[in-house]
Amino acid sequence: MAPAEPDGAPFKSLAELDRLIHEPARLSVMALLSVVESADFLFLLRQSGLTRGNLSSHLGKLETAGYVEITKEFVGKIPRTLLHLTEAGRQAFEAYRRGLMEVLGGAAPARRRRDRRPGRAVRRPG
């Protein structure tokens, strides 16, 4: 009798995660925006560690997807860019977060090997 094949469910769930959000820079932006009502561009720039051009590019992709709304205004003579998650963005981020937690919760924890020599099986007592 052949051993049962694992169904790979956690990894199927991983493949189903929103790839737009899954990219690390966009994930950072979405996570930052998920905990505030709105944020300005400079706040996101400082918090994310991205360059201006990189942040701008990622925000453009999130805006095109309908996840982020970008509003430009002037405070006196100084331009200010405000960003916030749209309702669709909040729902997408929450679905992404739930999916990621499902993947992480469903994956078997890595076992620590006592003997690190290559090719040697380690028996566990019990």
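This is a predicted model: local features need pLDDT of at least 70, side-chain atom pairs count only at pLDDT 80 or more; totals for chains, interfaces and linings use all residues.
Residues are numbered from 1 along each chain as its sequence is written, and side-chain values use heavy atoms, leaving out hydrogens and water.

**Exercise 1.** Determine how α4 and α5 are oriented and which residues make their contact.

Solution. Helices are DSSP runs (H or I, at least four residues) numbered from the N terminus. For α4 (residues 41–48) and α5 (residues 52–64), the axes come within 10 Å and cross at roughly 110°. The two helices are therefore roughly perpendicular (65 to 115 degrees). Contact (heavy atoms within 4.5 Å) joins Phe41, Leu42, Leu44 and Leu45 of α4 to Arg52, Leu55, Ser56 and Leu59 of α5. These residues comprise 6 nonpolar, 1 polar and 1 charged, where Ala, Val, Leu, Ile, Met, Phe, Trp, Tyr, Cys and Pro count as nonpolar, Asp, Glu, Lys and Arg as charged, and the others as polar.

**Exercise 2.** Determine how α3 and α4 are oriented and which residues meet.

Solution. The axes of α3 (residues 24–34) and α4 come within 10 Å and cross at roughly 120°. Val29, Leu32 and Leu33 of α3 meet Leu44, Gln47 and Ser48 of α4. This contact has 4 nonpolar, 2 polar and no charged residues.

Technical notes:
Axes are lines fitted to C-alpha atoms, for helices over the stretch in contact, and angles run from 0 to 180 degrees between N-to-C directions. Angles under 35 degrees count as roughly parallel, over 145 as roughly antiparallel, 65 to 115 as roughly perpendicular and the rest as oblique.
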